[in-house]
Amino acid sequence: MSDTLYYIFSVLLSLGVLYGIRLMSKVKTAALGNRVSALCMLAAAAITLMRTDLSGSLPYIITGLAGGSLVSLLMTARAKMIQMPQIVGLLNGLGGLASLLAALLTVSSGAARSAFELTTSALALAVGALTFSGSLVAAGKLHGQLPQKPLVYLGHSALTVFAALVMVALIALLPLSAHGNSLLLSLLLILAGLIFGWLFAIRVGGADMPITCSIPLPV
Amino acid sequence: MSMEIILIVVFVAATLLGYKLINAVPSLLHTPLMSGMNALSGITLLGIIAVTALSDSVAGKLAGLVGIIAATINVVAGFGVTDRMLRMFRGEQQHQENGQ
């Protein structure tokens, strides 16, 4: 597929998703809008698979797509309406996990070289990590596996601010460091993000959780 | 124009457009909308496929496998549960119309 064709498809599919979101603003057309968006996403995944040289990783990619789809079909069929908030929370967390792994592989494989690429990767690592732990805590609370009432640790606010500062420092440091150190810095950044997400979500009560779920949408 | 500038412009434009589109949605539809937008954020699937194809170590490929599973569930189950929520909406609406 030529680059020009690829960009044309990218624009068309983006417009398709926007049209889908627009349809979702009316009750009558909302279900159709969701399907239009889903179809555009499927086409985007197909184009990416066609355009990328999959070679050595093909078994991993196929297994991942097939396994993920199978789990999804089971989840969709079995989900009870009353469980929807925790399911959306869990799905949001999985999106965060995928973002952080994508950024980790980008950094560790040396694909990210410029300061711009390293900065955006660092942001994806931090946001992905805090989304993952925060959403899992939220889903756990909504599902009743974690205590519903807000949990406040000793020095909770100070710890939260400290974790946030560590994240900011590591995000600033990653583009400046030598490639040899970037994996270690990335892992530390993930750890700081996971701790921040946990501290942020654990002190929110069960009833306020749906709000927490919608905040850390992964990048 | 360099690629970086283009990417930042796309990011800002998408942010503004998203704000404008979401503002028009009635609060009745906020829950399925949140779920649908969450499914869209699984677009990271494209990125993780690309970096998994690039990685040459087994550890990297395994991390990619986990990421692809997570992103696929985010996308497919995300759209799936949103569809189920919205179908229920439609059933409710028909029910009301029949009742009137």
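User: Hi! Which residue forms a salt bridge with D3(A)?

Analyst: Hi! R51(A) pairs with D3(A) in a salt bridge, with the closest N and O atoms 3.0 Å apart. The term stands for a side-chain nitrogen of Lys or Arg within 4 Å of a carboxyl oxygen of Asp or Glu. R51(A) sits in helix 2 of chain A and D3(A) in helix 1 of chain A, 48 residues apart, and the pair links distant parts of the chain. Helices here are DSSP runs (H or I, at least four residues), as strands are (E, at least two), and they are numbered from the N terminus.

User: Where does this model come from, and how are things numbered?

Analyst: This is a predicted model, where local features need pLDDT of at least 70 and side-chain atom pairs count only at pLDDT 80 or more, while totals for chains, interfaces and linings use all residues. Residues are numbered from 1 along each chain as its sequence is written, chains are lettered from A and ligands numbered from 1 in the order in which they are written, and side-chain values use heavy atoms, with hydrogens and water left out.

User: What is chain A built from?

Analyst: Chain A has eight helices and zero strands. Its C-alpha atoms fill a box of roughly 55 × 50 × 30 Å, taken along the principal axes.

User: On to the two chains. How many residues touch?

Analyst: On chain A, 64 residues are in contact with 68 residues of chain B; contact means heavy atoms within 4.5 Å. Together the chains bury about 5400 Å², 79% of it on carbon and sulfur atoms. Buried area is the accessible area (1.4 Å probe) that two parts lose on being put together, summed over both. In chain A, M41(A), Y60(A) and L105(A) lose the most area to chain B, together 12% of what that side buries.

User: How many salt bridges are there between chain A and chain B?

Analyst: The count is one. It joins the side chains of R35(A) and D83(B), at 3.0 Å from N to O.

User: Which helix of chain A gives the most to that side?

Analyst: Helix 4 of chain A does, with 14 residues.

User: What angle does helix 4 of chain A make with helix 3 of chain B?

Analyst: They pack at about 35°, with their axes 9 Å apart. Axes are lines fitted to C-alpha atoms, for helices over the stretch in contact, and angles run from 0 to 180 degrees between N-to-C directions.

User: Which residues make that contact?

Analyst: Helix 4 of chain A brings several, including G95(A), A98(A) and L105(A), and helix 3 of chain B brings T44(B), I48(B), V51(B) and T52(B).
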